[in-house]
Number of protein chains: 2
Amino acid sequence: MKKVFIKDLLGLKGRKVVIHGWTHKVRVLGKLAFIVLRDSSGLVQIVVKGRRDLLQKAKRLNMEDVVEVSGLVIESESKISPVEVLADELTVLNRATEVLPLDVTGAVGAELGTRLRYRVVDLKRPENLAVFKIQAELIDAFRRYLRSRGFIEIYTPKIVAMSTEGGAELFEVQYFERKAYLAQSPQIYKQLAVIAGFERVFEVGPVFRAEKHSTTRHLNEYVSLDLEMGFISDEHDLMNLEEGLVRFMFKSVEENCRREIKLLNVTIPDFDKIPRLKFPEAKEILSEYFNLREYEHAEDLDQRGEELICQYVQEMHEVPLAFVDLFPLSSRPFYTMPYDETYGRSFDLLFRGLEVSTGGQRIHDYDLLIRRMREKGLNPENFKYYLEAFRYGAPPHGGFALGAERLTMKLVGLKNIREASLFPRDRFRVEP
Amino acid sequence: MKKVFIKDLLGLKGRKVVIHGWTHKVRVLGKLAFIVLRDSSGLVQIVVKGRRDLLQKAKRLNMEDVVEVSGLVIESESKISPVEVLADELTVLNRATEVLPLDVTGAVGAELGTRLRYRVVDLKRPENLAVFKIQAELIDAFRRYLRSRGFIEIYTPKIVAMSTEGGAELFEVQYFERKAYLAQSPQIYKQLAVIAGFERVFEVGPVFRAEKHSTTRHLNEYVSLDLEMGFISDEHDLMNLEEGLVRFMFKSVEENCRREIKLLNVTIPDFDKIPRLKFPEAKEILSEYFNLREYEHAEDLDQRGEELICQYVQEMHEVPLAFVDLFPLSSRPFYTMPYDETYGRSFDLLFRGLEVSTGGQRIHDYDLLIRRMREKGLNPENFKYYLEAFRYGAPPHGGFALGAERLTMKLVGLKNIREASLFPRDRFRVEP
C-alpha cells in the first residue's frame, strides 16, 4: 500500500494512480468538470471528460468532501499543477455536510479570532499547513544538529514540585493529596541530567507560563527547544553553539521546505556571524544612537529596546539577529553565573525585533548557588533535590532555550504568535 | 572547541588530548596513580607516573570529582579501556564534597526507592545512562521512519478542556478562572490534525494519567509515541505500519547502541512478521490451550492474559510480540470503529508479556460518532469542538500510540518501569 502523494505525480506521467484528498474547488462546464484536489503535499487538477456518471458525481461535490480518485496522470494545461489526473473513477469517502465557516481557498480572509474558533477548518488552508511544516523542519534540524555533536535527547517531568523562576507564573495541579505545578521550563532537570553525567542533553517539550498577559508574542503553553551542556569555559561557548545551530536550522528549512517558502514568501536570513553586544553597549546604543535617555538606567530590555537593537544590527551588520550578553543579575534567575557584582553571564538572542532565546552559564558551585538564592529572596529548603546534586560533582555548564513558536513566527513573518501554534493556549483560550 | 569524548580516544593514539569527566575510581601505588575517568561516552584509565605534583592531586581526589586531564593517548595495558591517557596535567574543576549515598561503580547494589530518592547519583551509573541512550535511539528511529513516509511531527496542547477516555483519570489544572485538565493522550488533537488536512501526523510528548495504581508497569506521567493517519482501509494498514516501524526501531538500536546493548546484555528481537490474533482467538487460547476457563467470558485482557498470549506466540512462532485485534467495543473508547455489533477495529501490541501499544481505526462518520458517544453514556455537548470537525470533511483514519517507557523497559529487560523514566512520577513521587 505505497501511498501516492500529489507531489509525487510529476514523476508518474502516463501512469495510472489512485490518490486521495479534499475537494478544494469544483467547476463543471457542460461535459467537462475540473476538480482541484488537495492533500497534505499539494494541489492537483482532476479532469472529468465525457463520463456522464462521473460528471454527475462531480456536480454533487461539496467543498471539502473527502474523495478517492483513480485515473491517468497527464500533461497539464492549467496553472494549478504541472500535471493533471484524467479521472476514470471518483469515490466520495466522506461528505462535508456543513457550510464551511471559513474559506479554505484563501479568496476570503477572516479575523484571527474566527480562525482560531474554527481552527480545524482554518488549518486546511495550504498556507497554514506550510507554517507547521516549516516548524517541524526547524525542530527536526535542532535535533539532528545536536545529536551529531554528542547531545542526548531527554524527556523530563512536566509535573513538578519546585518553581525555577519564581512562583508567580505557575499553574497549579492537584497531584493526588498534594499540590504540584506545571513546569515553567525543564531548567532544573536538564541541569540535573548534565550533572548526572549525561554531559550534553536537549529536550523538546511543552512549557507552561501562567502569565496574565495577552499580547501578540506570548502563549501560556508553548514548545521550548532546550539544551544544556557541561564543561564549557563561559557563555561564549554557548553562543558559538547557538550561532551554528540556528544557521543550520535555517539552512535546513531553505533546503527542505522550498514549496512552503515560496507559498509563504519567506526570506531565510543568510549570515555567518551573529553580532554580540554587551548589555551596557546595548543600553548605550538605545540612549545615544537612538537618543532615548530613559534607557540609561535600564536593567532589562523591553520590546521597543529589542526592536531597536535589531534595527541597529541590521543597519550596521546586515544581520537580522543579535546576541545581547551580560544582562544585569537583577533581571536574571538565581542560577545565573555572575560576571561581576552587577552583571551575569546570561544572554538573549534577538531575531527580527523579538527575543527568541535566552541562555547563559549556570552556577556550578554549591556555596555560590546558596548565596545567590538567598540574595534573590528564595529559600534553599525548597530546592533541596536540586541543590544536593551540586555536592556530588557538578561540572561547569550552561545552556539555552529557543521558543519554537517565536522562531517560527519571526522566520515566516507571522503577525501573531497564535498562528505559529497548532491549537494555541492563551489567557482566554483553552479550546479547541 | 571540538570536544574530545572518551570514546574518540581510540583513534587518537600518540596524540595529545584534553578530556573531561568524573572521577570513577582512583588507585595510588607509590609513584604511580591510576584514575578511571568517566564521561557520557565511556570510561578510560588515566595514568600518572613520576610527577609528584600530579600524584599529590590524584591522592586528594574524591569519587565523582569533576576533572580536566591533558595528556598523551597511549596503548593500554589494563582491561578498563583499549587506550589510556598518560597525564601531564590534572585540574579539578569542581569537588564532590559529600559522601555518595549510592555506589556509582556498580559494586554495591541499592533498593529502587533509595536509587530514585538520589536519582542524580543513581543516573551516574553507566548502565543507567545506557538505558536512556537506548530510549533516545528508539524515539529518534520512530521519528525517522515516520518522516520518511510523509508524516508531519506536531505539537498539541497538554492543557485541555475535554477528556478523551472518560473523566476518572484526569489531573485537574486551575487555568485562570476556569478548570482545565492535563491531556491523557493527544488523541483528539492528532485526529483533528489529520482531518485538518495534515493527513499523517505523529507526536512525541508527555501524557498524564491520574490513576491511583502503584504497579511496576504504570507511571502517572509518561512519554507517548503517537501517530495518526488518514485514508486507511482498516486497522490492518496500521498493524502493517507498526510492524515495520517497531522492526526499524529495534534495528536502529542494534546498529547504533552496540556499547549499550553489550553493557546491559540486551537481546534485540529478530522477526519479520508479528502474529495477529483476533480477540476471540486469544480468549480461546487462554481458556483451551492454557485451560483457564475464567477467560471464556472475558471482555478485555488482564496482565496474566497478556503474559500467556506472549508465551503462546513465543512457543508457536518464536516471536516475542503479538497483535491482538478486534477487542470488544465494551472495553474500548467511544471513537473506536465498530467491526460488528460486539467487536471493534482496535488492537493491542504485546511485547514480552506487556501491552506496549494500543491503536485502531477511528469512526469518521459524524452520526455514528454521536451514537457511540451516547451508548457510552457521554454527552456530545462536551465534545463540541471535536465533533464539529467531522462535518467539514473527515477522511477514514486511525492510529496508535506506543509507550516509550514500556517499550524501553521490555527491550532492555528492566524489572520496574520507573527505571525507564529519567525522573519518574508515580502515586507518591513528584520529586526529584
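# Reading a predicted two-chain model

Guide: Let's start with a helix: H5 (residues 187-198) of chain B is largely enclosed by the rest of the structure, because 12 of its 12 residues are buried. Buried means under 20% relative accessible area, exposed over 50%, and partly exposed in between (1.4 Å probe, protein chains only). Helices (H or I, at least four residues) and strands (E, at least two) are DSSP runs, numbered from the N terminus.

Visitor: Which residues of H5(B) are buried?

Guide: Among them are Tyr189(B), Lys190(B), Leu192(B) and Phe198(B). Just after H5(B), Glu199(B) takes a positive phi of about 65°.

Visitor: What should I know about the model before I go on?

Guide: This is a predicted model, in which local features need pLDDT of at least 70 and side-chain atom pairs count only at pLDDT 80 or more, while totals for chains, interfaces and linings use all residues. Residues are numbered from 1 along each chain as its sequence is written, chains are lettered from A and ligands numbered from 1 in the order in which they are written, and side-chain values use heavy atoms, leaving out hydrogens and water.

Visitor: What pLDDT does chain A average?

Guide: pLDDT is the predictor's confidence in each residue, from 0 to 100. Where pLDDT is low, the predicted coordinates should not be read in detail. Chain A averages 96, and 99% of the residues score at least 70. The model also has ipTM 0.97 and pTM 0.97.

Visitor: How do I read the area buried between chain A and chain B?

Guide: The size of an interface is often given as the accessible area lost when the parts come together. Buried area here is the accessible area (1.4 Å probe) that two parts lose on being put together, summed over both. For chain A and chain B that's about 8,800 Å², with carbon and sulfur atoms giving 64%. On the chain A side, Tyr155(A), Phe176(A) and Tyr392(A) lose the most area to chain B, together 9% of what that side buries. The contact (heavy atoms within 4.5 Å) takes 98 residues from chain A and 98 residues from chain B.

Visitor: How many salt bridges does the rule find across the interface?

Guide: A salt bridge is a side-chain nitrogen of Lys or Arg within 4 Å of a carboxyl oxygen of Asp or Glu. The rule finds 16 across the interface of chain A and chain B. One of them joins Arg147(A) and Glu137(B), whose closest N and O atoms are 3.1 Å apart. Helix H4 (residues 126-147) of chain A supplies the largest share of the side that touches chain B, 10 residues.

Visitor: Where is Asn265(A) found, and is Asn265(A) buried or exposed?

Guide: Look in the loop between helix H7 (258-264) and strand E12 (276-278) of chain A. Asn265(A) counts as exposed, at 67% relative accessibility. Its phi is near 55°, a positive value in a residue other than glycine. Over in chain B, Leu326(B) has a positive phi near 60°, but Leu326(B) is buried, with a relative accessible area of 4%. Leu326(B) sits in the loop between strand E13 (321-325) and strand E14 (346-351) of chain B.

Visitor: Which peptide bond of chain A is cis?

Guide: Look from Glu431(A) to Pro432(A): that bond is cis, with omega near -10°. Pro432(A) is in the segment after helix H12 (404-412) of chain A. In chain B, the bond from Glu431(B) to Pro432(B) is cis, with omega near -10°.
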